[in-house]
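Subject: The structure I promised you

Hi,

Here is the structure I said I would pass on.

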Amino acid sequence: MHTAPSDTEPVSPTASPSGSASRAGRTLPQLAAALVLVLLLLVVVRLPWAGDLGMHAATVQRLRHSLLHPGNPLVDADTSSPYYSPWMLLLGVVAKLTGLSVFVVLRLAALAGLAVLVTGVFRYVRTFSAHRAAPALALLSLLLLWGPVLFNWSGFLGLNSLALTMAYPSAFALGLSFHFWAWLTRALRSEAGWGMWPGLGVLWALILLCHQFTGVVASLGGLATVLAAKPARGVLLRLGAGLAPGLLVLWLWPYYDFFALFSVGADLEAIHQPLYQDLAGRFGLVLLGVVALGLRWRRDHRDPLVLFFLLGALMFAAGGLTGHYSWGRALPAALVPAQLAAALEAVSAGRRAVRRGWACVLLAALAVGAWTQAGTLGYVVDQEALPRAVAEKYRTPWVGYQWIMRAGVKYGDVVMARTFPARQIPAYGPYTVAPGYPDVFLPDAGRRETAVERYFSAGTGVAERRRILREYGVKWVVGGSPAPWLRKAAAGPGDQTLYRVLP
């Protein structure tokens, strides 16, 4: 009786040309994935600045100066912050002990985050398939299978998005999540003893502390894994016992009150509303993965990737329907299983002809996704050297505010600046009057923002401007108009001016 070859069955050297095609099918995804990883490693060298990098650099700055009482990372205030996570604490220790600059430490963080992510994807995919090409195809799908419209957001694994966020806690937390799912899957399959579950609980808590939104994704993936496994009562008891140390870690974490995050205001909803826009353009290629999930569901109604997708899609939809747009950050819980399913179908579909047909469709979708994100090349190749069509997709990173430090601004000085400069200035050590990023733990954030707006308003009188500067201990002003109480200290890019506040 003939038996169909499994994923891992070696191909005979005499089985040509089909044997050559099979070897190529394994080698080409691995080569493509290796090239993508080389690109990401080269991006780390430049560490392009955009988005939230300034916040994370400021967090490391505060921790390198005071590990026990770092205060608010952006403004001169003694408040806690959810950015003081275990991962950022480790980076602060590295910066303090080595004396390395914050941006060198962030490059090391990007390298570590990328390594954790790649190894996590490998381990998790191996719980579904032993095919040698499966991890490479999965990685390519996670990075490229998005949509024809470029989309960048922390915690989302598109190639361009990851290039800009590799140094962020979200990338590290997502890598840990893949390890968590792999470890949990193996523990459930082997009905592991009591000793393994506390470690899983602590890992789950660390993910939540490092990046809360990714922690939600990790939790949904873990729940799907448990539901798919239908564990016996004894295993459920061990699982419950494993949650206890995780909850204890969340409760005892000294740098911020994790459970207070459940009562934050509505500011987060407005920030995340754009996640519900242009879904087809941003994520259209993921529909291929949804089809793959349908095929997996036909084979197994309790497939963990299918359950994972359903949980993520339901939470995302609930956020849109109820106006809790921050729930949209759970969207990776729907995207990741669909992207993995699309990759796995190319190596696990029943007949060889079906697998090859699916692989061709997947290759075409990956090519579209790669073209959408081709601007990532601009982070490692000079824009002038890129083909025009690629260069048009490149988005120039921020320049930074090193120039104000060369002009005499010191660590801990307070700088009056609008929102865009305020997103970068604290990365070098100074504070700003108002935070450049939303800060749910800063009680007077609104008052500070109003003070900055009033200072730069043309209708504000001299007395009120001087009062605002005195109230917040401002020593420097970036932008605005000359005034008798200001002395020009330096000129920067984009016709910006740095003024020193006179006594």
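This is a predicted model: local features need pLDDT of at least 70, side-chain atom pairs count only at pLDDT 80 or more; totals for chains, interfaces and linings use all residues.

Two packed helices are described by the angle between their axes and the distance between the axes.

Start with H7 (residues 169-190) and H9 (residues 212-229). Their axes come within 9 Å and cross at roughly 15°. That makes H7 roughly parallel to H9, since angles under 35 degrees are counted that way. The crossing of this pair is right-handed. If you want to find the contact on screen, the H7 side includes Ser 170, Phe 180, Trp 181 and Leu 188, while the H9 side includes Thr 214, Gly 221, Gly 222 and Ala 229. Sorted by class, the residues of the contact of H7 with H9 come out as ten nonpolar, seven polar and no charged.

Next, H13 (287-299) and H15 (332-348). Their axes are 7 Å apart, and the angle is about 65°. H13 is therefore roughly perpendicular to H15. The crossing of H13 and H15 is left-handed. On H13, the residues that meet H15 include Leu 288, Gly 289, Arg 296 and Arg 299; on H15, the partners include Pro 337, Ala 341, Glu 345 and Ser 348. The contact of H13 with H15 has ten nonpolar, two polar and three charged residues.

H13 also packs against H16 (residues 352-372), with the axes 11 Å apart and an angle of about 155°. So H13 and H16 are roughly antiparallel to each other. Leu 288, Val 291, Ala 292 and Leu 295 of H13 make this contact with Trp 358, Val 361, Leu 362 and Ala 365 of H16. What kinds of residue make up the contact of H13 with H16? They are eight nonpolar, no polar and no charged.

**Helices that are covered up**

How many of its eleven residues are buried? Eleven of the eleven are, so H5 is largely enclosed by the rest of the structure. Among these buried residues you will find Ala 134, Pro 135, Ser 141 and Leu 144.

From its first C-alpha to its last, H15 reaches 23 Å, close to the 24 Å expected at 1.5 Å a residue.

Then there is H14 (residues 304-322). This helix has 19 residues and reaches 27 Å from first C-alpha to last, close to the 27 Å expected. Its buried residues include Pro 304, Leu 305, Phe 308, Phe 309, Gly 312, Phe 316 and Gly 319. What covers them? The cover includes H4 (102-126), H7, H9, H12 (279-283), H13 and H15.

Leu 47 has a positive phi of about 45°, although it is not a glycine. You will find Leu 47 in the loop between H1 (18-46) and H2 (53-65). Is Leu 47 buried or exposed? With a relative accessible area of 13%, Leu 47 is buried, because the cut-off for buried is under 20%.

Asp 278 also has a positive phi, of about 50°, and is not a glycine either. Its place is in the loop between H11 (267-272) and H12. Asp 278 has a relative accessibility of 44%, so it counts as partly exposed.

Asp 52 lies in the loop between H1 and H2. At 28% relative accessibility, Asp 52 counts as partly exposed. Leaving aside residues up to four places away in sequence, Asp 52 touches Tyr 168 and Tyr 437. Now look for Arg 423: it is 371 residues from Asp 52 along the chain, but their C-alpha atoms are separated by 7.5 Å.

Finally, Gly 446 is in H20 (residues 445-456). Gly 446 has 39% relative accessibility and counts as partly exposed. Val 414 is 32 residues from Gly 446 in sequence, and the two are 18 Å apart in space, C-alpha to C-alpha.

Conventions
Residues are numbered from 1 along each chain as its sequence is written. Side-chain values use heavy atoms; hydrogens and water are left out. Axes are lines fitted to C-alpha atoms, for helices over the stretch in contact, and angles run from 0 to 180 degrees between N-to-C directions. Helices (H or I, at least four residues) and strands (E, at least two) are DSSP runs, numbered from the N terminus. Angles under 35 degrees count as roughly parallel, over 145 as roughly antiparallel, 65 to 115 as roughly perpendicular and the rest as oblique. A crossing is left-handed if the near helix is turned anticlockwise from the far one by less than a right angle, and right-handed if clockwise. Contact means heavy atoms within 4.5 Å. Ala, Val, Leu, Ile, Met, Phe, Trp, Tyr, Cys and Pro count as nonpolar, Asp, Glu, Lys and Arg as charged, and the others, Gly among them, as polar. The expected span of a helix is 1.5 Å times one less than its number of residues. Buried means under 20% relative accessible area, exposed over 50%, partly exposed in between (1.4 Å probe, protein chains only).
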